[in-house]
Amino acid sequence: MKKKILRNIEWGILVCTILLIAIGLLALFSSTQNSNYEEFNKQIMWLAISIPIIVITICIDYDFLAKLSPAIYIVSLGLLVAVLYTAPINGATSWFSVGPFTVQPSEFAKIAIVLFLASIIVKLQKKDKEEINRFWKLGIAILVVALPVVLIIKQPDYGTALAFLFAIIFMLFTAGIRKRYILVAALLVVILVPIAYFFVLPDHAKARIDVYLNPNIDPRGAGYNIIQSKLAIGAGKVFGMGLLKGNQTQLGYLYPKTTDFIFAVIGEELGFVMAGTVILLYVVLITKAIKVAKTAKDDLGSYIAIGISGIFFFHMIENIGMTMGLLPITGIPLPFVSYGGSSLLTNLILIAILLNISGRRQRTLFVE
């Protein structure tokens, strides 16, 4: 049975992931040479920790993981509440400090929410798939995501909160939500966005939107990072300035160069060719993840896979878009490439779940 599962696995997903990690490590090696490669070494350590967890996740049937999801979801909510009482780091209470490391519970909550929401949707559709369009059942699905989203906004971490919203959008669309709900949601966004801007968002969030619209209104303050990022990407031209030779990267103008703006490091030092390769790898990865959702053996697998696709899609679009000045800065990391132990481990577990689902695509594998 294990051999059959290995044959069915969508190996292209794993290949894309490995290549993205390799490019990320190359960029981290270059961008941390002035700090004794501290973050580079930590990323290697987190990668080593992730490998056995990936293998275990692939081996455990995702049906079993879904059965555990209510408990995982509750624990995640508890951690999201607890982290609000920690000391702020860079103005946000998003991390637990564990010795020399920091752990971000909102990253691990992605796993819990995708698994739990998928299992909830399946239960709501037990009699008929149209059941998801009952108002109260749709409300239950939305509430499952709304609770952690509110807690994450409280940190505040608007970027991660948006990742959860993309996951539920992808999952509900796949579940067959009616067009009228989509139109109502779109109308609410149009109405609520300006209200949120004027009456809800804190000053620093408004400043990011203002700078996105015109970075030159505060070139030495809020607009500084995006201006330096665009300069770095432009300076790289086709083949880049060379590893360890980027001006913005090596002279300290680009910040934070190991997390939010790692794509700018790649663009500056390795050029358009490598930056374009990164984008292409994400497109292939997400396309194959959607294929896993379409070919899964059951609805549960489809919903989990499409939810993961939504998370990766948002992270790719937002991170690359913000480094190029096309979208507002939200502090979203680039999966597998940016530095971050919690992010790397979470994303690799999500990849393992995709491989898990793809390996079990044939129902005959489970016939006794």
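## Stop 1: a strand to start from

Start by selecting threonine 102, which sits in strand 2, covering residues 101-103. Keep in mind as you click around that this is a predicted model.

Is threonine 102 buried, partly exposed or exposed? Its relative accessible area is 39%, so threonine 102 counts as partly exposed.

Now show what touches it. If you skip the neighbours within four places in sequence, threonine 102 is in contact with Ile89, Trp95, Phe96, Ser97 and Ser342. Next, draw a distance from threonine 102 to serine 358: the two C-alpha atoms are 32 Å apart in space, and the residues are 256 apart in sequence.

## Stop 2: zoom out

Show the whole chain as a cartoon. The C-alpha trace spans about 60 × 50 × 40 Å along its principal axes.

How does the radius of gyration fit with a compact globule? For 368 residues, such a globule would come out near 21 Å, and this protein has 21 Å, so the two agree.

## Stop 3: a salt bridge inside one helix

Select helix 5, residues 105-124, and show the side chains of glutamate 107 and lysine 110. These two meet in a salt bridge, with N to O at 3.0 Å. Why are they about one helical turn from each other? Because they are 3 residues apart in helix 5. Both glutamate 107 and lysine 110 are buried.

## Stop 4

Move on to lysine 129 and aspartate 299, whose side chains form a salt bridge at 3.3 Å, N to O. This pair links distant parts of the chain: lysine 129 is in the loop between helix 5 and helix 6 (135-153), while aspartate 299 is in helix 13 (residues 299-323), 170 residues apart. Lysine 129 has 44% relative accessibility, so it counts as partly exposed. Aspartate 299 is partly exposed as well, with a relative accessible area of 31%.

Click glutamate 130 next, in the loop between helix 5 and helix 6. With a relative accessible area of 39%, glutamate 130 is partly exposed. Draw a line from glutamate 130 to leucine 79: they are 51 residues apart in sequence, and their C-alpha atoms are 34 Å apart in space.

Then pick arginine 134 and glutamate 131. They form a salt bridge, and their closest N and O atoms are 2.9 Å apart. Which side of the burial cut-off does glutamate 131 fall on? Buried means under 20%, and glutamate 131 is at 15% relative accessibility, so it counts as buried. Arginine 134, at 44%, counts as partly exposed.

## Stop 5: a salt-bridge network

For a group selection, pick Glu10, Lys288, Lys291 and Arg361: salt bridges that share partners join these residues into one network. How many salt bridges does the structure hold? There are 12.

Finish by colouring the charges. There are 31 positive and 20 negative ones, and their mean positions are 8 Å apart.

How values were computed:
Residues numbered from 1 in each chain as written. Predicted model: local features only at pLDDT ≥ 70, side-chain atom pairs only at ≥ 80, totals over all residues. Heavy atoms only, no water. Rg over C-alpha atoms; globule rule 2.2 N^0.38 Å. Lys, Arg positive; Asp, Glu negative; His and termini not counted. Charge placed at Lys NZ, Arg CZ, Asp CG, Glu CD. Salt bridge = Lys/Arg side-chain N within 4 Å of Asp/Glu carboxyl O. Helix = DSSP H or I, 4+ residues; strand = E, 2+ residues; numbered from the N terminus. Buried < 20%, exposed > 50% of the residue type's maximum accessible area, 1.4 Å probe, protein only. Contact = heavy atoms within 4.5 Å.
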